Amino acid sequence: MTSAEILQLVITGLTVGSIYALVGLGFNLIFNATDVINFAQGEFVVLGGILTAVAVGTAGLPLWLAAIMAIALVAALGALIDFAAISRVRRGSVMTLAMITLGLAVIVKTSLLLWVGPDPLYFDPFTPGPPLRIFGAVLQLQAIWVIGVGVLVMIALKFFFSHARIGREMLACAIDREAAQLMGINVGATVRLSFILSGALGALAGVLITPLTNATYDQGFTLALKGFAACALGGFGRASSAILGGFALGLIEAASVAVLPSGLKDSVALSILILALMIRPSGLLGGREERRHTQAM
Amino acid sequence: MRQTHVLLALVLAWLVAPLLIQTGGTFNLFIFAFINLILVLGLSLLFGYAGQISLGQAGFYGIGAYMAAILTVRSGLQPVLGLIAAIVVPAVLGYVIGRPVLRLRGYYLAMVTAALGLILHTVFVEWEAVTGGYSGITGIPALAIGPLTARSPVTMYYLSGALGFLVMLMALRLVDTAYGRAMRTMRESEMAARSCGIPTARLKAEVFALSAGLSGLAGALYAQYVGFVSPESFTIDTSVNLLLALAIGGVGSLWGAAFGAFLLTFMPEWFHELQNAYGLVLGALVVVMLTLEPRGLWGILLRLRDARGKREAKTA
Amino acid sequence: MKIEIDDIGVRFGGLWANRNVSFSFEGPSITAVIGPNGAGKSTLFNVMTGFITPTTGEIRLRGEPISGLPPEKIAARRIGRTFQIPEICHEMSTRDNVLVGAHRQIGGNLFSQVLNLGASRAAEREAGERVDTILKDTRLCELRDRPAGTLPLGRVRLLEIARALASEPELLLLDEAASGLNSQESADLAAFIRTLPTRGISVLLIEHNVGFVMELASTVAVLDHGRLIAVGTPDEVRSNEAVITAYLGKRKS
């Protein structure tokens with residue numbers, strides 16, 4: 001393989017990896033606050049892309065406005081999900097909540113099918129212009145946006161969790177919810193916020209990637225699985241592991257396209273997920289296992 | 001045993017119903033309802049009773065269907081043998097996969113089984129030489145005894161119904177045996193089960209194999225009746241819908257599973273203006289139901305029964 | 001029945017939860033392991049029941065090493081246990097919960113049980129009779145058909161003991177069985193435990209309610225900070241300097 005091909009591979013891998021990392025971060029946020037896996041996480045991404053595409057294509061809004069609106073809407077959807085369903089289920093177990101998110105994912109997906117149909121939607125890249133050529137590899141301008149904005153967001157989140165008071169409170173809830181409550185932290189508000197942030201992150205990912213890959217109503221679940229794979233690779237509970245896992249997954253997937261038929265691309269990512277969990281269930285970097293009561297040692 | 005009475009009544013109803021059914025379309029629905037019944041019962045035993053979630057049942061469903069198709073169409077085997085292979089192969093595969101995979105719990109297991117289902121679907125699509133790719137396999141010979149063939153709606157109604165009732169009977173019996181008690185204890189506390197000498201790793205794999213075999217049976221019935229198989233019947237949506245149907249009916253109950261299966265089958269009919277998007281209703285039902293009563297419809301029935309019991313105790 | 005705990009050490013990360021713990025006891029008898037919170041009692045318990053593999057040392061039952069065996073195999077060697085936080089099946093009836101303890105005795109496999117073949121049917125009936133006797137002994141009879149999740153804590157602890165007894169153990173390991181019980185329930189439980197050695201069942205109690213065990217046990221082992229600091233009769237242990245210091249005197253370290 002030539003160095004140009006390898007570089008191309010790396011570029012592609014980092015681009016999709018950025019998206020997987022964002023999805024994984026969204027998972028982490030909600031998981032940390034509620035111990036629930038949000039099966040609708042992938043739908044947030046698809047919604048972000050499709051809402052923006054519709055706003056630009058049908059309503060003729062400028063891209064930046066459409067994107068902001070889409071992200072805000074999906075963030076609001078996240079809050080609505082928490083308000084309507086998650087915070088109301090008192091008697092249920094964590095599995096019940098997860099199944100509710102699964103039902104929500106199905107609702108979103110079929111609603112999109114009814115609304116925009118099965119064909120992919122599209123809007124123009126943020127900055128028009130031909131792709132750059134770097135050492136023989138092609139770098140789409142949009143890819144720079146994806147990786148750049150993605151990394152910026154990740155840095156911002158890191159900062160948020162370590163320095164902003166709300167961010168530290170969210171972290172406290174993740175470590176021990178009861179203790180956080182006893183310290184006066186409003187757990188309900190934290191949960192609501194994590195859903196809002198998660199929705200925003202997902203929608204942002206959708207907005208970023210649609211100019212490159214188009215948005216179709218049924219991409220959600222596969223995306224969710226890959227975001228989950230990113231978290232699994234790195235280990236649940238830690239934001240940094242979702243990021244590393246996401247990029248790693250993206251690179252592996254890009255590499256696989258070079259040797260395998262493209263129809264198997266998704267299967268590669270999924271096989272990685274399975275292998276990662278089989279070898280080290282708590283993630284390769286070590287993460288927090290599902291909370292369950294343990295005998296006093 | 002109240003349950004056996006209910007079952008008997010249903011069997012009687014089922015036996016005489018064809019006298020009342022006019023259209024082939026209705027037979028169609030019932031056939032698919034019985035096929036779905038077998039699928040959801042398998043999932044119920046695995047998830048509702050043994051506590052192992054699976055989002056990959058469509059994979060085993062598909063393997064069963066393709067096995068029945070390939071062995072009869074390509075290898076010229078008798079349909080009956082195709083049916084048996086459709087049960088045995090997924091079951092064995094289920095056990096082999098189950099041993100390592102079921103060490104995982106909760107979401108990890110859900111995601112891994114979903115991933116497995118997706119990978120199997122990719123195999124159905126990409127392995128064209130064997131599976132025929134997107135076009136699938138057509139011309140599946142029907143199971144036949146004399147003039148009765150599996151392709152005829154009435155015959156299939158009785159065949160799938162008989163198998164459906166048989167599986168229901170077996171499942172009802174199973175949960176009351178020591179094996180069933182072991183499953184139910186394992187679901188709530190694997191530690192307690194192991195401390196009673198129950199080999200949980202093996203038990204999980206066995207139940208996984210059982211549900212895989214049942215899914216395979218359903219697949220074979222499907223292949224036999226419809227006459228062709230293609231990947232689009234065995235997608236992640238199929239698996240998700242099975243789980244959602246089970247959740248609506250009641251995860252911890254076989255009767256809930258039965259209800260969920262029938263709901264899953266008849267709902268697309270009631271909402272056929274929405275076509276594929278009846279999923280909207282399914283999803284909405286799940287969200288509403290689980291928010292109100294996590295134990296599903298069965299849980300609501302239980303609540304009514306308890307409320308009635310309390311009222312009677314008060315007036316007594 | 002003889003248990004030898006031989007130089008057991010358990011290390012988590014940089015911390016030794018158990019260190020050089022050695023003592024032994026024979027049955028039928030009642031033995032107790034006591035110690036302040038964090039002394040390593042539960043760790044030792046989990047080593048004995050197969051939930052933890054020790055870093056060093058060995059536990060032998062009748063001369064045969066059992067440490068490192070998984071819980072199912074320990075149960076097969078006729079060691080039963082209860083849990084500090086009860087692990088029952090809430091939706092099953094009390095009687096069914098206890099029947100689970102007799103799982104090994106019923107045997108058979110999925111097919112023989114579903115089809116109710118002769119051997120399974122006989123084994124199930126015999127186990128049922130035994131369980132009914134146990135329910136009578138533990139006075140859980142009136143509650144036999146109630147879902148186990150509706151029972152109060154005291155009865156749930158008895159239920160766990162009944163379940164362990166259904167497996168016909170030689171040694172019964174009770175993890176903080178008196179915790180959360182009122183004085184009447186404790187007394188009843190103590191009375192019941194006292195009857196077990198007469199039936200050939202040895203008991204090992206983990207307790208931090210010292211008063212509960214001093215009346216019951218013939219041998220008491222005291223752990224502190226993971227180490228064994230005393231072992232002997234209740235009187236010997238009661239007057240042991242190190243024990244008194246461990247419980248009363250908090251050294252600043």
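In chain C, G80(C) sits across from L172(C) of β7(C). The model is a predicted one, in which local features need pLDDT of at least 70, side-chain atom pairs count only at pLDDT 80 or more, and totals for chains, interfaces and linings use all residues. Residues are numbered from 1 along each chain as its sequence is written, while chains are lettered from A and ligands numbered from 1 in the order in which they are written.

Strands β6(C) and β7 (residues 171–175) of chain C run parallel to each other, joined over three bridges; pairing here asks for at least two DSSP bridges between two strands. Helices (H or I, at least four residues) and strands (E, at least two) are DSSP runs, numbered from the N terminus. The sheet is an open one of six strands with mixed pairing, and its order is β6-β7-β8-β3-β9-β10 (chain C). At its edges are β6 (79–81) and β10 (227–232) of chain C, each with pairing on one side only. From one strand to the next, the twist averages 15 degrees. Against this sheet packs helix α1 (residues 41–48) of chain C, which touches β3 (30–34), β7, β8 (202–206) and β9 (219–224) of chain C and points at about 145 degrees to β7(C). For such angles, axes are lines fitted to C-alpha atoms, for helices over the stretch in contact, and the values run from 0 to 180 degrees between N-to-C directions.

G27(C) and P28(C) are joined by a cis peptide bond, with omega at about -5 degrees, and P28(C) belongs to the loop between β2 (15–26) and β3 of chain C. R62(C), though not a glycine, has a positive phi of about 50 degrees; it is found between β4 (56–61) and β5 (64–65) of chain C, in the loop. R78(C), in the loop between α2 and β6 of chain C, also has a positive phi, near 65 degrees, without being a glycine. R62(C) is exposed, with 12 other C-beta atoms within 10 Å, whereas R78(C) is partly exposed, with 17. The scale calls a residue buried at 20 or more other C-beta atoms within 10 Å of its own, exposed at 12 or fewer, and partly exposed in between, with C-beta atoms placed from the backbone.

Chain C splits into domain 1 (1–78 + 169–253) and domain 2 (88–165), with bounds from an automatic or database domain assignment. Their C-alpha centres lie 27 Å apart. Nine residues of domain 1 of chain C and eight residues of domain 2 of chain C make up the contact, where contact means C-beta atoms, placed from the backbone, within 7 Å.

Chain B has neighbours on both counts. Chain A puts 37 residues in contact with 31 residues of chain B, and α4(A) gives the largest share of that side of chain A, 15 residues. Chain C has 27 residues in contact with 22 residues of chain B. Within chain B, helix α8 (residues 178–188) is largely enclosed by the rest of the structure, because nine of its eleven residues are buried. Among them are Y179(B), R181(B) and M183(B).

How values were computed
Contact = placed C-beta atoms within 7 Å.
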